[in-house]
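Colleague: I am new to this structure. Please take one part of it and walk me through that part closely.

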Amino acid sequence: MDSEKLQKISTYKVTLAVLKKWRKDGIISEHEFRKCELKIAEKFDISLCSIYRETA
């Protein structure tokens with residue numbers, strides 16, 4: 001795996017951690033979380049079937 005792909009996965013994971021915290025704290029709803037996760041996955045080219053993709 002090249003460094004560009006690793007950087008995309010890392011950025012996706014960090015962003016997802018922030019979204020999870022916001023969801024836990026009630027800042028965003030479950031629906032908003034899922035919408036954001038989808039947009040972020042698309043932005044960083046993380047496919048739906050990727051082992052790195054999280055939806056929960």
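Predicted model: local features only at pLDDT ≥ 70, side-chain atom pairs only at ≥ 80, totals over all residues.

Now look at its sides. Phe33, Glu37, Ile40 and Ala41 are buried in helix 2. Buried here means under 20% relative accessible area. Seen down the helix axis, these buried residues fall within an arc of 100°, so they line one face of helix 2. An α-helix has 3.6 residues a turn, so residues three or four places apart point the same way.

Turn the helix over. The face away from the buried side carries His31, Lys39, Glu42 and Lys43, which are exposed. Cys49 is exposed, at 71% relative accessible area. The structure holds zero disulfides.

What lies over the buried face? Helix 1, residues 3-24, is included in what covers the buried residues of helix 2. The chain's secondary structure comes to two helices and zero strands.

The largest nonpolar core has 10 residues, among them Phe33, Ile40 and Ala41. Ile9, Tyr12, Leu16 and Leu19 are in this core too, as are Ile28, Phe44 and Ile46. Helix 1 and helix 2 are the elements that give two or more residues to it. Helix 1 gives the most, with four residues. In soluble globular proteins, nonpolar side chains tend to be buried together.

Leaving out residues up to four places away in sequence, Ile9 touches Met1, Ile46 and Tyr52.

Next, follow the chain out of the helix. Just after helix 2, Asp45 takes a positive phi of about 60°.

Last, step back to the whole chain. Its C-alpha trace spans about 35 × 20 × 15 Å along the principal axes. Of its 56 residues, 21% are buried. Among contacts with a separation of 6 or more, 51% come from residues 24 or more positions apart. The chain exposes about 4,100 Å², and carbon and sulfur atoms supply 60% of that area.

Conventions
Residues numbered from 1 in each chain as written. Heavy atoms only, no water. Disulfide = S-S within 2.5 Å. Buried < 20%, exposed > 50% of the residue type's maximum accessible area, 1.4 Å probe, protein only. Arc of directions from axis to C-beta. Contact = heavy atoms within 4.5 Å. Areas by Shrake-Rupley, 256 points an atom, 1.4 Å probe, with all protein chains shown as cover. Core = buried A, V, L, I, M, F, W, Y, C linked by side-chain atoms within 4.5 Å.
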